[in-house]
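Let's take a walk through this one together, starting with the overall layout and then going on to where its parts meet.

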Amino acid sequence: MSVLDVRDLQTHFFTDAGVVKAVDGVSFSLDAGEVLGLVGESGSGKSVTGFSILRLVDAPGRVVGGQINFKGQDLATLSNREMRSLRGNRIAMIFQDPMMTLNPVLRIETQMVEAVRAHHRVSHAAAKDRAIRVLARVGIPSPADRLAAYPHQFSGGMRQRVAIAIALLNGPDLIVADEPTTALDVTIQSQILAEVQELARETGTALIWITHDLAVVAGLADKVSVMYAGRIVESGPTDDVLTAPGHPYTEGLLGSIPGHGRRGERLTQIPGMAPNMARLPVGCAFAPRCHRVDETCRAKAPAITDIGPKRGLRCFHPIVETEGAA
Amino acid sequence: MSAVETTPPPVDLGKRWRITSRMAGVAVAASLSMLLSGVGLPPLVSRIILLVGLIVLAAALLKGKYRKFFSGPSAYVATASLLLLVVLAIFATELSPQNPYDLRQLDIMDGRLPPGSTTFDGSMTFHLGTDEQGRDILSGILYGLRVSLSVSIAATLAAMAIGVVVGIYSAWAGGRIETILMRIVDFQLSFPSILVALMLMAAFGRGLDKIVIALIIVQWAYYARTVRGTALSETRKEYIDAARGLGLPDWRIVFGHLLPNCIPPLIVISTVQVANTIVLESSLSFLGVGVPITQPSLGLLIANGYGYMLSGQYWMSMYPGVALLAIVASINMVGDRLRDTLNPRLTR
Amino acid sequence: MLVFLLRRLAQSVFVLIAMMIVVFFGVYMIGNPVDILISPDATPLEVEETMARFGFDQPVHIQFLKFIGNALQGDLGRSFVHGEPAVQLILSYMPATLELALLGLIFSVMIGVPLGVYAGYKADRWQGRAIMTGSIFGFSLPNFWVGMLLILIFAVELRWLPSTGRGETVEVLGMRLSIFSADGLQYMILPALTLALYKASLVTRLARAGTQEALMQDYVKFARAKGLSETRILVVHVLKNIMIPIITVLGLELGSMIAFAVVTETVFAWPGMGKLLIDSITTLDRPVIVAYLMLTVIIFIIINFTVDVIYTLLDPRVRVRGEAT
């Protein structure tokens with residue numbers, strides 16, 4: 001059975017300027033121990049998708065449709081109290097900026113112990129014990145001493161490790177990681193990636209890794225979903241999608257990554273700017289930036305179609321295999 | 001660059017409204033001076049002109065922003081009660097059942113009567129009771145309201161005028177003059193106004209003119225600082241450079257551009273300051289260093305009744321206090337709405 | 001940094017000297033103290049004698065130089081009424097005012113912080129709006145009238161608390177304080193509440209703004225993602241963050257609290273230095289007025305100086321910018 005099954009999720013923001021459909025019919029599912037890379041530019045709705053799963057979308061945003069089944073339970077039907085008992089316990093989240101996620105005026109000990117004791121009736125000492133073990137596991141040296149420190153006494157990378165440790169505290173079934181390594185140095189980024197991957201394998205935790213960076217996904221995720229303007233435009237096993245992208249947008253994203261064996265090749269970039277979510281075009285949202293666009297694309301939006309084992313694509317003019325290799 | 005912004009958007013009125021509001025301003029000034037000097041039109045006519053002029057000015061100020069201003073029930077309540085209290089203050093002479101300062105109308109036999117009692121001879125009912133000299137509390141409140149309002153408005157306007165001159169001058173002049181003026185401002189603002197006013201009144205002695213002067217002295221620095229801040233941020237904007245580039249004389253830039261931009265924040269601050277000044281004046285009068293006993297403000301009325309409070313004759317202090325609270329609270333609430341409406345990015 | 005401190009210290013000394021001049025000549029204008037000191041039917045000779053004894057017969061500038069000379073030795077004259085050295089007199093009244101101001105500060109935090117945090121949490125709901133409207137009333141209520149109302153309700157009608165006076169005191173570190181005795185504390189509650197009301201409104205607004213800002217921060221969202229209850233988030237995560245600015249502002253306000261105690265002490269007949277000042281103004285007790293003003297100026301200079309130094313330590317930008325705004 002899948003850990004998480006999201007069906008046709010819709011999260012809209014009701015602003016003065018009109019309704020912004022930040023997430024507009026997103027579906028995916030995830031098995032235990034599986035890693036899903038959710039890729040897209042900023043504003044594509046990938047973070048909102050993550051927050052929707054935890055029911056932490058801030059006003060004026062609201063989940064207005066679809067189902068989020070977590071271990072067979074529709075999260076929308078849960079009371080606030082029941083939802084809270086899942087958060088940080090069965091479903092954990094890691095945020096983008098480690099400088100902002102830890103409360104600057106509380107000791108690490110307080111922030112970790114409270115996370116344990118919010119869900120388990122254990123003594124302070126027991127919770128602290130647990131915190132020390134998890135900190136050690138994410139690679140914090142002399143964790144027992146570091147517990148007494150305040151967040152500003154840690155480096156950015158160390159802070160993110162602490163945040164990851166907090167997410168792992170209660171052994172969740174699912175972790176939603178919202179660009180957790182974007183704000184970090186490249187070396188620390190790869191260290192953390194490797195460690196998180198190992199932890200997920202070991203514990204069987206399913207992981208949603210939200211990022212704008214396909215390169216990160218390449219080494220980490222089992223499968224990938226590419227989002228554009230609130231919709232998933234392409235999804236499938238990571239290797240398949242990366243070697244043979246079907247959507248011009250995915251192709252564009254891949255083209256803009258510098259990589260091994262491509263020295264001397266010119267990096268391509270996607271023309272135009274990220275779309276204005278309040279005023280999307282009638283047809284395919286990517287049409288204004290697409291090099292394969294024609295009248296059909298401008299007239300109506302394409303639906304998701306299966307184009308192979310576990311692969312979905314939302315395009316009228318997909319790139320076929322031979323073209324992608326060229 | 002496509003276009004340099006040459007016209008600042010201060011209080012934007014159409015031409016007709018600009019003329020109307022100027023006429024209203026003149027009417028207010030004229031009727032006030034006639035009332036104070038006692039010459040010219042009959043007082044009742046002057047008072048009506050004054051009231052109409054004030055309402056027109058308020059309407060001009062809020063033109064096109066009524067919806068934003070009246071965004072909740074409290075805005076309606078505050079505006080209505082402020083309007084009512086201003087009417088009561090302006091027409092105190094006409095509305096009061098009794099002239100509380102005409103000794104011939106007072107009878108010591110009517111002293112300290114509870115609310116609802118009638119005079120010794122049964123000719124008049126004291127709806128809010130009487131004080132120790134047989135004075136009708138309701139009439140005392142109406143007259144006191146007029147004293148409180150006029151003292152604080154006069155002091156606020158004068159302090160604002162001084163503050164505007166000092167603030168704009170120091171922002172415009174800059175350099176040493178600015179430093180010295182702003183040092184004085186900082187120095188004065190570092191002491192609480194009540195203490196400064198208390199000492200001034202102790203030195204001056206009681207008197208309407210004296211308390212107005214004291215209230216001006218404790219307030220001007222506040223305006224000077226605000227105006228300087230606004231003027232400084234305006235002088236850095238491009239349209240001022242453009243105006244200078246066009247060779248406009250300094251006074252045109254100051255009066256045509258700088259001053260109009262300072263008006264929205266000034267209106268918001270002065271509204272709140274009138275309320276603060278009323279409280280300050282009443283506190284001083286309560287302490288016995290404010291208005292003279294012959295022209296009691298609300299604060300002095302409260303002080304007079306204070307001695308009888310503990311013996312249960314609450315009405316002498318209680319009702320003037322309610323009136324004081326009503327006027328201060330409605331001004332503050334209107335000020336709060338004005339801040340949101342004109343939105344000059346102010347912090348308290 | 002050191003240069004900044006020295007410059008600031010020099011400025012403080014300058015302010016002190018300026019205030020001495022202002023205060024002396026200001027107070028010199030208040031009436032003729034001799035009228036108070038001796039009976040109206042005294043002979044001209046007696047009047048002259050008294051004038052000479054207090055040095056009133058000398059020209060103003062001589063009196064001023066004498067005043068400065070004595071002031072530098074900590075002597076601001078003897079009270080005409082009490083016959084004690086004025087400084088000593090005021091210092092003996094000071095603990096009563098300080099403990100009142102302190103309890104007032106505590107009350108204003110106890111009232112203002114919960115209301116403000118709740119108003120910030122429910123900012124767009126009727127609860128938040130109601131609290132904000134209520135805080136306008138807090139700003140609007142004149143201090144002395146609130147005091148009278150509290151006396152009327154709690155002392156006259158309900159008879160729960162004493163109306164005026166100070167009650168039992170306990171000697172602590174050489175100061176007579178009410179705050180440590182149950183009886184004394186009863187007498188303090190009403191005046192301290194009165195004094196606290198205005199500041200409570202201020203704290204409410206500060207706390208509300210701080211809460212609204214804190215609630216938008218990632219660490220609050222992260223705390224929610226940890227599954228913490230809203231209560232825990234407000235009471236631990238938000239509160240701890242907003243207390244630092246609130247305490248700073250309140251420290252600044254301690255001075256104005258002492259100043260406003262003048263009114264409150266008069267209403268409640270609280271024997272502090274504020275009431276002493278008002279009594280001295282009525283009796284034209286010049287040395288006490290002067291001493292009160294000088295001591296208050298010193299207190300203010302110390303508070304302002306401390307705040308400046310703390311700001312400088314916290315915010316290096318202040319050091320460059322020569323002036324406060």
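Which domains does the domain assignment of chain A give? There's domain 1 (4–90 + 173–325) and domain 2 (101–169), with bounds that come from an automatic or database domain assignment. Keep in mind that this is a predicted model, where local features need pLDDT of at least 70, side-chain atom pairs count only at pLDDT 80 or more, and totals for chains, interfaces and linings use all residues. Residues are numbered from 1 along each chain as its sequence is written, while chains are lettered from A and ligands numbered from 1 in the order in which they are written.

So how do the two domains sit? The C-alpha centres of domain 1 and domain 2 of chain A are 30 Å apart. Where they meet, 13 residues of domain 1 of chain A are in contact with 12 residues of domain 2 of chain A (contact means C-beta atoms, placed from the backbone, within 7 Å). On the domain 1 side, helix 8 (residues 186–203) of chain A supplies the largest share, five residues.

Zooming out, chain A has 13 helices and 12 strands; these are DSSP runs numbered from the N terminus, with helices being H or I of at least four residues and strands E of at least two. The C-alpha trace of chain A spans about 65 × 50 × 40 Å along its principal axes. As for the fold's contacts, take those in chain A between residues at least 6 apart in sequence: 65% of them join residues at least 24 apart.

Conventions:
Two residues are in contact if their C-beta atoms, placed from the backbone, lie within 7 Å.
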